[in-house]
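Please consult the sequence and the structure while working through each solution.

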Amino acid sequence: MQRLTSRRLRTGLAVASAAILVPCAVAFGDDGAAAAAGGAGAAAAEATAQWFKMDRLPLFVMLVVVGVAIIIAIELARSGRAVKIRRMAALDAVDEAIGRATEMGRPVLFIPGIMDMTEIQTVAGVTILGRVAKTAAEYDAKLEVPTSRSIVMSAARDVVQAAHFEAGRPETYDAGKINYITDEQFGYVAAVTGTMMRERPAACFYMGAFYAESLLFAENGNSIGAIQIAGTAEPSQLPFFVAACDYTLIGEEFFAASAYLSGEKVQLGSIQGQDFGKMIAMALIVVGVGLSTVAAIVPGEIGKFMTGFKDLIGG
Amino acid sequence: MMQRTIPIAILCLSGTIMVAAYFLSFAQSWGETVTTWFNILAAVAFVLGAGNLIAVNLEKISSQRPGWGYAAITLGSFAFMLVVGLLKVGAVPDPKHPDVAFAGSYESAASPFGWMYEYVMSPLTATMFAMLAFYVASAAFRAFRAKNIESILLLSTAFVVLLAQTAAGMFLTGWIPEDSAWAFLRLDSIKTGIINHVQTAGMRAIMIGIALGIVAMSLRLILGIDRSYLSKN
């Protein structure tokens, strides 16, 4: 099985390499025909289509570097290298929250955001749902998952059913607890907060993409005394969750959660690769700040060169 | 086996296409095609969602569970909007084809569907949204308790920013000339400094982390390493 995955990874690498090399060759072979239009020889210039979007080149280079770093980290982890990841309090508290709900005889509420499966935050949320559902099945706690998208409902049912099988309790799976409410943002809020007030869940999980409804959920959950664990990558909603919830997975922690919960070395390795990307970002910030400072102090050609170089690295 | 292999293959293919569509001009239409496929899938899945909505609410009504009255209202509203919308009941006639009933516009507020949306749905939505103001106040009250050094810093920063937003900010420090050496002491200057430097720096750090997290997670999904979102049976 491991060999099969390894082979798949190598195939993926080959595909990724091809995907990287082909456009690069095209990009560097492109003569930027549009730039020639204003020159003296404009009449002789012939416009050609630009295959690669050159304005996205710095992003592409960064993506390739980070992608390669992640793949290398995964391979290193696979080869047996120890992977050390710091503990995440929010994920360690999952068992405690569900245990509390079980003791109190109250349900557990899981909200996978309000976006569809095209949103990666929803995918991350559904992944965490698997772990929550498994623990809930083991503890025999009632889990409710109201969704605002039909496909999310379908995916959530699959994941929860699989979690019940994994926990060795397939008979306790109840598809009726994973419902579609409405696509309408505030209609969904009304239904979910109504459920919260009537059924008073002891643990509330908010994992996915949230917008204005984040604080409506979190404050209602707070008012009923539930343990609340949130996770989102919407920067504008993070302060609300931090203020109203007991634990919050902030940005990258939220995406790292699925790897963290799986405990698989291969997945944990990808988090280490991610850290390499962070180091590159930090180095680029320092270089960019340095170049900007030099460009501001030194006038003339050197200053212009520094500014140009800074723009090139995406500063 | 196929139950997991086919979704992973579809995900790998569509993920690669979406990445290519972002960087390659000629692949842009491929990305749009993938999005269209998803929309078709979502439209089909909506039937599943609507079926679930009806089943759950009917069950609530039949067993007279707490809040079953809301379930009845939900089903009644759902049926009404569905019939009025699909059959274009009372639709405003199209000036070009006044004799063809189905050519009329059902979205106009003059039609029952548009009227319900404009005068029932929109106010209800606005009411829910307006409640946010009270929740912000109660959350801020808890967050701004001076429990330790960090919360004192948070409280004092929020106090300065809030004060600068009000007329009191101008009243207190507005007399300092904008072109003087002491202009940095004006509350509006302090607020701008906090927002442009302190807050932006923090936000960008979070954004960089999020971007890297998305790359790592996407890669795990595209390469089929992370399959936890799939059914295991």
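Axes are lines fitted to C-alpha atoms, for helices over the stretch in contact, and angles run from 0 to 180 degrees between N-to-C directions. Helices (H or I, at least four residues) and strands (E, at least two) are DSSP runs, numbered from the N terminus. The model is predicted: local features need pLDDT of at least 70, side-chain atom pairs count only at pLDDT 80 or more, and totals for chains, interfaces and linings use all residues. Residues are numbered from 1 along each chain as its sequence is written, while chains are lettered from A and ligands numbered from 1 in the order in which they are written.

**Exercise 1. Describe how H5(A) and H8(B) cross, and list the residues that make the contact.**

Step 1. Helix H5 (residues 120–139) of chain A and helix H8 (residues 187–222) of chain B have axes that come within 11 Å and cross at roughly 70°.

Step 2. Angles under 35 degrees count as roughly parallel, over 145 as roughly antiparallel, 65 to 115 as roughly perpendicular and the rest as oblique. H5(A) and H8(B) are therefore roughly perpendicular to each other.

Step 3. Their crossing is left-handed (the near helix is turned anticlockwise from the far one by less than a right angle; clockwise would be right-handed).

Step 4. H5(A) contributes Ile120(A), Val123(A) and Ala124(A), and H8(B) contributes Ile214(B), Met217(B), Ser218(B) and Leu221(B). Contact requires C-beta atoms, placed from the backbone, to lie within 7 Å.

Step 5. These residues of H5(A) and H8(B) comprise 6 nonpolar, 1 polar and no charged. Here Ala, Val, Leu, Ile, Met, Phe, Trp, Tyr, Cys and Pro count as nonpolar, Asp, Glu, Lys and Arg as charged, and the others, Gly among them, as polar.

**Exercise 2. Characterise the packing of H5(A) against H10(A).**

Step 1. H5(A) and helix H10 (residues 252–262) of chain A pack at about 35°, their axes 9 Å apart, and the crossing is left-handed.

Step 2. From H5(A), Ala124(A), Thr127(A), Ile128(A) and Arg131(A) meet Phe254(A), Phe255(A), Ala257(A), Ser258(A) and Leu261(A) of H10(A).

Step 3. The contact of H5(A) with H10(A) has 6 nonpolar, 2 polar and 1 charged residues.

**Exercise 3. In what order do the 6 strands of the open sheet in chain A lie, and which strands stand at the edges?**

Step 1. The order is E3-E2-E1-E4-E5-E6 in chain A, with parallel pairing (strands pair if DSSP finds at least two bridges between them).

Step 2. Strand E3 (178–180) and strand E6 (247–250) of chain A stand at the edges; each has a single partner strand, so one side of each lacks a neighbour in the sheet.

Step 3. From one strand to the next, the twist averages 15°.

Step 4. Strand E1 (residues 108–111) and strand E2 (residues 143–147) of chain A run parallel and are joined by 2 bridges. Val108(A) has Leu143(A) as its bridge partner in E2(A).

**Exercise 4. How many residues does each chain give to the contact, and which helix of chain A gives the most?**

Step 1. Chain A gives 71 residues and chain B 55 residues.

Key:
Contact = placed C-beta atoms within 7 Å.
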